[in-house]
Amino acid sequence: APHSHDTARTRCAAIAISLIKFLTALCAAIRAAPLPNLALAALAPGIMPSAFAGTKMLKFNITAKFVAAFALLLTATASMGLFAVSKIGEVNAIAAEQRTIWIPGAEALGDIHAFTSQYRLKQDEMFSAASPDAMARSQKMLRNARNAIDGGLGDYEKLVVTPEQKSAVAAMKQAWAASVAQDETMQSMALAGNSVGAQAIHDGEGLDTFYALEDATLTAIDAN
């Protein structure tokens, strides 16, 4: 597309240059055209009228060509102006789409990626907490992080436009749902006093679940 735009602009410029050269030649012809000798016409009325009429015809033809060339020049200039306006409109539309869709989408995905990584760290803190109060604080932080991830997924889902993005966000939601279900099981075990069992799941099956969510998030980032 950029090559075709450059070719069109080059052609318009060539037309404009050709018209300018043609107008210059016409002006030179007008200046060089012989004017009738009125005194000689009075002395030889039978000779000069035809020459005078020929000169008038020459001037008429040159004037007509000059007007036609000027009209063509205006047409070419107007065409180049319309072409430029249409291209500016396309650029503005692309810029608006970047501002309202693609950049916010990239920001949402970046936040989701960061929050899911932090979520796993907070899980580890909860399962290794030394006291019930520390475990309760970690559980509260996990609940807040979960709300932030849910909100980020909802925000990004509103911005998807391509089939690849829609497929990627569906995979992210599925992987996150599996992670949440597993987290509920581990938290229940930890609150019941089985922190060792919760930690074992976290270090084994939980790691596989986290990698599945990580892969889905990276795929969505690539699709964006």
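Author: The side chains of D183 and R146 meet in a salt bridge, with 2.7 Å from N to O. D183 belongs to helix α5 (residues 163-191) and R146 to helix α4 (residues 132-157), 37 residues apart, and the pair thus links distant parts of the chain. This is a predicted model, in which local features need pLDDT of at least 70 and side-chain atom pairs count only at pLDDT 80 or more, while totals for chains, interfaces and linings use all residues. Residues are numbered from 1 along each chain as its sequence is written, and side-chain values use heavy atoms, leaving out hydrogens and water.

Reader: Why is the contact of D183 and R146 called a salt bridge?

Author: The term requires a side-chain nitrogen of Lys or Arg within 4 Å of a carboxyl oxygen of Asp or Glu. The N to O value for D183 and R146 is 2.7 Å, so the pair meets the definition. In general, side chains of opposite charge can pair when their charged atoms come close.

Reader: What makes α4 and α5 helices?

Author: Helices are DSSP runs (H or I, at least four residues; strands are E, at least two), numbered from the N terminus. Helix α4 covers residues 132-157 and helix α5 residues 163-191.

Reader: Which other residue forms a salt bridge with R146?

Author: R146 also pairs with E184, the closest N and O atoms being 2.5 Å apart. This pair again links distant parts of the chain, R146 in helix α4 and E184 in helix α5, 38 residues apart. R146, D183 and E184 are linked in a network of salt bridges.

Reader: Why is R146 called buried?

Author: Buried means under 20% relative accessible area, exposed over 50%, and partly exposed in between (1.4 Å probe, protein chains only). R146 has 15% relative accessibility, and therefore counts as buried. D183 is buried as well. E184, by contrast, has a relative accessible area of 39%, so it is partly exposed.

Reader: How do you know that E157 forms a salt bridge with K173?

Author: The closest N and O atoms of E157 and K173 are 3.2 Å apart, so the pair falls within the limit for a salt bridge. E157 lies in helix α4 and K173 in helix α5, so the pair ties together parts that are 16 residues apart in sequence.

Reader: How many salt bridges does a search of the whole structure find?

Author: The search finds 4 salt bridges.
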